[in-house]
Every structure is written in structure tokens, then in C-alpha cells.
Amino acid sequence: MTTNNHPLLFELSKQGRVSYSLPELDVEETDLDSIVDSTYLRKESPELPEISELQLIRHYTNLSKRNYGVDSGFYPLGSCTMKYNPKLNEDVARLEGLSYIHPYQSTETVQGALAIMYDLQTSFEEITGMHRFTLQTAAGAHGEWAGLMMIRAFHEKNGDHQRTKVVIPDSAHGTNPASAAVAGFDPVTVQTNEQGLVDLDDLRRVVGNDTAALMLTNPNTLGLFEKEITEIAKIVHGSGGKLYYDGANLNAIMGYTRPGDMGFDVVHLNLHKTFTGPHGGGGPGSGPVGVSKEMEEFLPSPIVNKREDMYVLEHDRPNSIGRVKPYFGNFGINVRAYTYIRTMGAEGLKKASTYAVLNANYIMRRLESTFDLPFTQHCKHEFVLSGKKQKKLGVRTLDIAKRLLDYGYHPPTIYFPLNVAEAMMIEPTETESKETLDAFVDALLSIDQEAKEQPELVQEAPHTTVVKRMDETLAARKPIVKYEFES
Amino acid sequence: MGMNFRYLPMTKQDEQDMLQTIGISSTEDLFSDIPKEIRLTRELNLTPPYSETKLLNELTQLANKNVTTKSHASFLGAGVYDHYIPSVVDHIISRSEFYTAYTPYQPEISQGELQAIFEFQTMICQLTAMDIANSSMYDGATALAEAMTISSAQTKRKKVLVSKAIHPESLEVMYTYANGHDLEIIEIPEKNGMTDSVELASLLDETVSSVIVQYPNFFGQIEPLAEINEMIKDTKTMFVVSSNPLSLGMLTPPGDLGADFVVGDTQVFGIPAQYGGPHCGYFATKKKWMRKVPGRLVGQTVDEDGQRGFVLTLQAREQHIRREKATSNICSNQALNALASSVAMSALGKKGLKEMAYQNMQKTQFAKRAFQNSGVPILFDGPMFNEFVIQLKDSVSNVNHRLLEKGMLGGFDLGKIDAKYEKCMLVAVTEMRTKEEIENFVKEVGEANDNQ
């Protein structure tokens with residue numbers, strides 16, 4: 001028997017209740033039937049809920065209490081960089097002059113907005129060592145695709161139509177091969193060696209005159225710095241391929257090294273990770289793309305530029321890959337990132353990376369005797385543990401993750417990267433205090449004890465959440481993806 | 001005193017204790033794996049950190065340089081509109097349990113977000129009369145590009161027919177995506193601001209994967225979807241419709257007129273223009289394409305105690321499981337903006353949605369008549385939702401410049417998309433415009449015209 005502890009909007013609805021206050025209809029009305037063919041005038045209104053304003057507020061307030069954000073507690077979700085989202089960013093993004101501007105206003109009426117965009121582009125160029133940035137791309141995966149389309153345009157311009165392969169490490173995020181496919185490439189895997197780094201012999205084997213690019217995160221998805229990066233660049237460039245930097249892990253290296261100096265040709269950033277754009281429950285993000293000088297002509301249109309004292313939008317870019325998004329990217333998210341960069345400056349950004357790395361290493365060393373640590377060198381901003389010791393006790397990594405919910409934490413990323421069994425990927429970020437890190441470590445050590453002494457406590461977790469483990473098989477087998485109204 | 005960083009809590013003592021636990025003497029040791037030749041040996045060249053007050057002052061001044069749709073009565077639309085945003089919207093999306101959360105992969109602590117998306121999906125289905133809707137996409141244009149891609153993958157056909165009367169930037173985005181997938185886009189010419197049905201009929205054959213139109217179209221006119229559907233309903237060709245969801249408060253939904261995919265942007269519900277983004281794409285389709293849908297989908301299920309709850313479902317479609325075989329590379333969605341739109345749609349409710357759509361049509365009709373009465377020609381004579389085209393004697397940029405001085409934002413310059421529309425302005429009139437503003441606008445446009 002299914003029980004419903006929390007009604008849906010549609011179950012609250014009662015005919016006649018309203019929660020809106022539209023402007024007055026102060027013009028003389030026309031008979032619309034005389035204008036629009038009756039085929040196109042809707043006969044039955046859509047069933048949107050009819051509720052009062054207080055009902056609406058309570059509904060969503062209750063929903064928010066059934067949700068967990070960074071402001072609720074520690075969120076060590078590896079590869080996602082769940083750092084604090086500064087409140088000033090939100091205030092700035094909501095300024096009337098930044099939120100109520102239309103993308104088709106003439107450029108002289110939006111000089112303030114363009115100034116921010118231009119300055120942000122320039123800041124990213126400095127932080128990454130790239131020649132030129134676009135802010136058009138909506139998210140990391142969108143940036144990957146746009147970046148690969150530029151690499152495709154580059155090879156096509158050179159007549160290199162045989163370059164159809166994109167080399168991707170086996171530890172890479174799923175968007176890398178998916179973006180390569182959407183850009184029309186065939187992904188090829190390069191193996192990771194025993195140190196958790198790109199296997200150079202394998203790289204030499206897979207790279208050739210059909211290679212369009214290598215996609216790499218550095219530090220990689222295991223949280224390890226690819227210290228042979230200059231050799232990697234030499235191998236890929238030597239074959240005529242390009243080097244693509246997935247900026248998912250930039251938070252580890254700001255002010256220490258730059259993708260441009262490592263030899264990367266195209267870079268995307270995830271502003272909702274490194275640059276404190278809020279994740280919003282899944283988005284919106286923003287994924288600006290930077291390129292080297294020789295790739296500049298392929299950047300998507302338009303680009304913000306400065307001519308004397310005026311900011312302008314350049315549309316006339318004949319070799320551009322074209323438009324990747326309407327208007328000018330996720331401006332509202334870019335404003336938040338800009339506010340963050342201006343708050344931190346060079347000193348603050350470097351410190352952020354220092355503490356992100358220090359925090360990850362601290363947690364790793366406190367846990368390494370209890371959990372299996374497949375790669376033992378210093379990590380960068382995140383690291384990967386394996387739960388294989390605990391699995392022998394009958395407690396899976398999934399169980400450990402669910403038990404962490406009872407301790408009040410968001411679990412780490414689990415079962416990723418794919419090349420580590422029972423993986424737990426932990427990224428604390430720089431914005432957490434030592435007390436929080438210690439308490440989290442203690443929770444994991446305590447769960448390990450529980451696994452030994454009363455494994456069912458862990459296997460049956462969580463015990464304290466508003467719902468227990470969900471039947472995901474049922475959800476996929478008999479999908480219910482909307483509310484069914486009684487007819 | 002050194003610079004304080006309020007987002008960084010480590011004290012010197014914390015740092016010392018942690019270094020000791022790690023067994024090193026300096027944080028520099030943690031970066032020793034970065035080879036010397038690529039180490040940055042100078043500080044990044046960025047503006048020094050600003051205090052909260054100083055930075056807010058500077059950015060407020062920059063923001064104040066911009067003309068806004070609050071300071072000026074806006075008649076600018078062309079895909080982004082000035083609409084009523086109920087006060088409740090920002091209060092709800094400012095709850096940080098929502099906006100500081102990640103994607104709800106842990107359903108036990110994400111029921112709030114999951115349920116909100118489930119409700120969003122339901123409302124999109126209601127508006128479009130489609131079977132299923134996903135959790136949202138980047139924006140209307142990329143949602144359209146995804147619908148094009150799926151149609152081609154399903155029909156195994158490379159040719160796409162796209163109406164020239166869709167948003168020009170959507171068309172540009174589709175070209176870029178088509179390039180990635182090696183698809184061929186053929187534009188269906190537009191005649192009198194409508195998709196030319198004679199041309200469409202002659203272009204249609206068994207090699208066409210999809211026919212793509214916008215409803216209402218870019219010129220504000222209501223495309224005859226029923227007629228287009230008649231041409232393709234018995235074929236394998238997919239019918240893809242991009243639709244302003246607000247218009248569906250008054251107009252027959254595409255789902256009732258044969259559409260296989262309905263996409264668009266919910267910016268009209270609770271999302272400020274924000275210089276063009278972030279907005280929120282929606283994506284709806286028929287049940288039979290459910291396992292081909294890009295992006296995230298929330299489904300209802302039960303927990304171990306039989307309690308109703310929600311999860312991300314059918315994830316085998318997605319990139320983190322299927323990698324290069326995924327239906328799309330999309331990873332994020334626009335969850336927070338989908339939430340804003342959900343709150344706005346809930347606030348409007350069944351009655352308010354219809355009333356708002358009705359007001360848009362009425363105020364637009366009023367403005368159109370007022371232009372006709374003042375002698376400014378209206379370019380097309382088809383039925384309109386909330387936009388129409390006027391023919392000026394002077395350039396649109398000149399007229400808009402004069403309107404700006406009078407405290408108004410004039411319409412979109414159609415000459416930018418096609419030379420044949422030089423001196424043609426696309427005017428948007430939403431429920432936000434008062435009779436007085438409309439009359440004033442008509443008067444000022446007329447005067448700018450007469451001074452020519």
C-alpha cells in the first residue's frame with residue numbers, strides 16, 4: 001500500500017483559488033474568435049494547480065526542507081566541487097541593471113553588462129593562460145562539445161579529414177565520450193597506469209594521424225596531477241592532434257600552474273564548480289571555453305570586445321563554428337563568477353586551491369589505514385578510496401554512502417571513476433573548516449566499525465531520512481513521469 | 001594586517017596541525033608533482049581583492065549604466081519577454097536548500113527537488129498536451145537542436161526541413177549541431193511571415209527526418225499546425241514544434257495537432273531576461289520516445305516502506321552510464337530555473353495562465369489597431385499571439401534611439417536577419433504594458449516616422 005506523506009501541488013488544488021495578481025486589462029477587448037481560427041483556440045485549459053499564495057509558499061517551503069544543499073551541511077561530492085556559494089554573488093546577480101536587461105538592447109544601453117563580460121573573459125584568460133575566451137557555452141558538457149567542434153573545424157580547414165578519433169582516459173567523466181560523439185568523433189580509450197596516470201606507452205600506441213584530440217582533466221578524475229603533461233602534449237602535438245582541457249578540476253591548481261602553459265589548445269571551465277556558481281539542484285551552469293591563438297578564429301559568435309572606450313559585440317567571424325546558444329551565454333551565472341573572482345583576487349584564488357588540496361590530503365591521510373587507498377601519492381583537490389575491505393564484510397560502498405546520510409552528510413561520489421572498484425571519490429573543497437573535516441572522518445571511521453560489529457545497521461541505512469531507499473527498478477520498469485489527473 | 005578571506009576558514013594553527021598529520025612541513029610539498037617548467041612563477045595578474053562594500057558599490061554602479069526593462073517600457077521580445085513575475089518566485093528559489101544543492105542523485109535527501117521537478121514535468125505535459133516531459137534543457141534553442149538530432153537518429157534520415165520563420169538564433173544553433181552530426185538542414189521558405197506550405201509540400205519526401213516549425217512563429221504569427229500535420233501524419237517524418245509555453249494558455253496545444261516533439265523556453269514563467277540567460281528549455285514528447293529523451297527525467301516510485309517518493313529514472317539513456325552511446329551529452333539541466341517556472345506556473349494556476357495569455361493577445365490586438373489607425377502599416381495579416389511587425393520609414397535603430405530618449409525600448413530590428421525586412425520592427429506587447437504606455441509608444445513611433 002502506497003502512502004503519501006507529502007501531497008503534490010495538484011492534490012492541493014481546489015477550483016476557485018488563486019495566487020496571482022496580473023496587471024489590469026485596461027484596453028478595449030476584441031472578439032478573438034474573429035481573429036483566430038477556432039482550430040487554434042484552446043478548448044480546455046491546462047490543469048495547473050489552483051492554490052492560494054500561502055498554500056504555495058508552504059508547499060515549496062516544505063519541499064525545501066526535504067532537500068539538502070551546501071548550506072545544509074558538508075557535501076564532499078567528488079568531481080563536483082561543492083564549495084560555498086557566496087551570498088554577495090546572489091545579490092549582485094539580482095541587481096535590476098543586471099537581471100532586467102534584454103539581449104537585443106543596443107550595445108550602448110548595456111555597457112555595464114558588456115564591461116563585466118569583457119573583464120571576466122580577460123580574467124579567465126589570465127587564470128588559464130589561454131589566448132581568448134567565449135562565455136557563450138551553457139555548461140561543462142556544452143563547452144566540451146563546442147571545444148571539440150572548434151578542433152574539428154581546425155582540422156577540416158587544414159584538410160585533415162581523417163582525424164576522426166578523440167582519445168579519452170578510461171577514468172574520464174561520461175560527458176567526454178558523449179561530447180566527442182555529439183561532435184561527430186569516435187572516442188578511443190587510453191589506459192591509466194598503476195600510478196593512476198595516463199599510460200604513456202598506451203598513449204603512443206593509440207595516438208596517430210587519425211587523432212583529432214586528447215581530452216584530459218589535470219588533475220585527473222582520480223585527483224592526481226598528470227606530471228608527464230609536457231610529454232603527453234609532445235606526443236599528441238607530434239601526431240598533429242590537439243589537446244583539450246576539461247576544466248572540471250581547475251580548483252586544485254589556480255595560481256600554481258595553467259592549462260595554457262601545460263600545452264593545452266582548448267579549455268573549458270565549470271563556473272558552477274571552481275567559480276562558486278550555485279549548482280541549483282542540477283543547473284543552470286556555465287561553461288566558458290578558452291583557446292590558443294591559432295584556434296581563435298573558430299570561437300563561436302559573438303565575442304565581446306573593447307574598442308577605445310566602448311564595448312562591442314563582434315558578430316562577423318567567418319571561420320567561427322557558428323552559434324552554440326542564443327544570446328550571450330548564461331550571463332546571470334557569469335556575473336556570480338565575476339563577483340567571486342573580484343572578491344578573491346589572485347591571492348585569494350591561489351589560497352583557495354592551496355586549502356582545497358590541503359583539505360583533501362588531510363582527509364585522505366586520516367582514512368588511509370581504514371579504507372583501501374589505491375593511489376598513495378599526494379592527491380590534489382580530491383582523492384579516490386575503494387570500499388573493497390568493507391565489501392568483504394558484506395557492506396558495499398553504496399551502503400556506506402547511505403549510512404553517511406544518517407550522520408548528516410551528503411555522501412561522496414560513488415562507483416566513479418569506473419576504473420576503481422567500490423570507488424568513493426571525496427572532494428572536501430577549501431571552504432570547509434577543520435572541525436567539519438574531522439567530524440566527517442570520524443563518521444566514516446565509525447561506519448567502518450559498524451560494518452564490523454553490526455553490518456545490518458549499515459546495509460539497511462538510511463534510518464533517519466524522510467524516505468528510505470527507493471525502488472529504482474520499479475521506477476524504470478513502470479515509469480510514472482507525471483501526475484495522472486482523474487478524468 | 002593581511003587580507004582576510006571570509007570564504008576560507010583555516011587558521012594558521014589548523015594548517016600546522018593538518019600538515020603534521022599528512023607528514024609534511026609545507027603546503028608547497030603537496031604541489032611538488034607539478035613540474036618546474038610549467039609552474040607559474042609570478043602572481044596572477046588580477047584586480048586585487050575588494051571588500052564586500054566596495055565591490056557591491058562598484059558593481060551597482062556598473063549595473064546602473066544599463067538601461068533596463070524596469071526603467072523603460074519595453075516592446076522588445078523576439079524570444080525573450082518582459083512578463084509578470086510573482087513575488088513568491090524569488091522567495092522560493094532563494095531558499096538555499098534548493099539553490100545550493102547538487103543534482104538529486106541521493107533521493108533520500110533530495111525529495112524536495114525531485115518532487116518539484118516531477119511537478120514541473122507534469123505542468124509541461126499539461127501545457128503541451130504531450131505524454132512526457134524531461135526535467136529541462138539549457139534553453140529553447142538547444143532543446144530544439146536535440147529534438148532534431150533524436151528525430152534523425154530515430155528515422156535514420158539525415159535531412160531536416162526547418163521553417164525560415166523560426167527564431168533566427170535557434171536556426172543558427174541548429175546548424176552548428178547539425179554540423180556535428182553531419183545532418184543536412186533545408187530551410188522551408190517563409191511567405192508573408194509564415195512557413196510556406198506549398199514549398200513545404202514540394203520539399204517533403206521519404207528522406208526527411210523531421211519538419212520543424214515554431215508556434216507562434218518568430219514574427220508572432222500562429223502557424224497552421226493542423227495543415228502541416230496533414231502533410232506528414234501518415235509518414236515516418238517527425239513533427240517538431242517549438243512553442244512559447246505561455247501562448248498555450250490560449251492556443252490549441254501542439255500535442256493535439258500531431259506534434260511528436262514539443263520544445264521551447266519557460267523564460268516567460270518567472271525568469272527575468274538576464275541579458276539572455278540562464279533561461280530554461282523544456283522538452284516534451286510522446287510516450288513511445290520516452291527512452292530516447294535527452295537529459296534527466298524524474299519518476300515516481302516507492303521506498304522500502306511503501307511510501308511514495310521520486311527518483312531520477314531511465315538513467316541508462318544518459319552520458320554517465322552510456323558514455324558515447326548516450327542519447328545526448330547533456331549533463332546539467334536548468335533545475336533552479338525550472339523551479340522558478342514551476343512556482344510561477346503554480347502561482348498563475350489554471351485561471352491565471354489563461355488570463356495572462358488572453359491579456360497578451362488583447363493588448364497586442366489593441367496595439368496593432370492603434371498602429372493601423374495612426375497610419376503605420378502592419379506587415380503581415382495572419383493571427384498573432386503577442387508580437388507583430390510594423391513597417392517604418394526610417395531605420396529601426398534610428399527610431400529606437402528616439403524611443404530610448406522617451407523612456408521606451410523599441411522592438412527588434414528585423415533588418416538584422418534579412419535585408420528584405422529593412423525598416424521593419426518586430427513589436428512585442430505583453431500583459432505588462434499599460435494602455436497608456438501602448439498609446440504613447442504608438443504616438444512616438446508615428447512621430448519618429450513623420451519626422452523622416
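**Pocket, sheet and contact in a predicted model**

In this predicted model, the lining of the second largest pocket consists of 16 nonpolar, 14 polar and 11 charged residues.

User: Which element gives the largest share of the lining of the second largest pocket?
Analyst: The pocket holds about 1,000 Å³ of space, and 41 residues line it. At least two lining residues come from each of α7, α12 (396-405) and β15 (412-413) of chain B. With 6 residues, the largest share belongs to α7(B).

User: Which residues are the closest to the centre of that second largest pocket?
Analyst: The lining counts 41 residues, and the closest to the centre carry the letters of chains A and B. They are Y104(A), H315(A), E169(B), F412(B) and K416(B).

User: In which sense do β3 and β7 of chain B pair?
Analyst: Strand β3 spans residues 159-163 and strand β7 spans residues 208-215. Within this pair, K159(B) is opposite V208(B). The two strands are joined over 4 bridges, and the sense is parallel.

User: What is the volume of the largest cavity?
Analyst: In the whole structure there are 6 cavities of 30 Å³ or more. The largest cavity has 27 lining residues, with G79(B), H167(B), Q214(B), S242(B) and D265(B) nearest its centre. Its lining includes at least two residues from each of α6 (140-155), β8 and β9 (261-265) of chain B. The volume of the largest cavity is about 370 Å³.

User: Which three residues supply more of the area that chain B buries against chain A than any other three?
Analyst: The contact involves 196 residues of chain B and 201 residues of chain A. About 18,000 Å² is buried between the two chains, 62% of it from carbon and sulfur atoms. Of the area that chain B buries, 6% comes from Y7(B), E108(B) and Y275(B).

How values were computed: Residues are numbered from 1 along each chain as its sequence is written. Chains are lettered from A and ligands numbered from 1 in the order in which they are written. This is a predicted model: local features need pLDDT of at least 70, side-chain atom pairs count only at pLDDT 80 or more; totals for chains, interfaces and linings use all residues. Side-chain values use heavy atoms; hydrogens and water are left out. Two strands pair if DSSP finds at least two bridges between them. On a 1 Å grid over the protein atoms alone, a cavity is a set of points where a 1.4 Å probe fits but cannot get out, and a pocket is an open set with protein on both sides within 12 Å along at least five of seven lines; lining residues have an atom within 4 Å of a point. Grid points are joined across faces, edges and corners, and a volume is the space filled by probe spheres set on the points. Ala, Val, Leu, Ile, Met, Phe, Trp, Tyr, Cys and Pro count as nonpolar, Asp, Glu, Lys and Arg as charged, and the others, Gly among them, as polar. Contact means heavy atoms within 4.5 Å. Buried area is the accessible area (1.4 Å probe) that two parts lose on being put together, summed over both.
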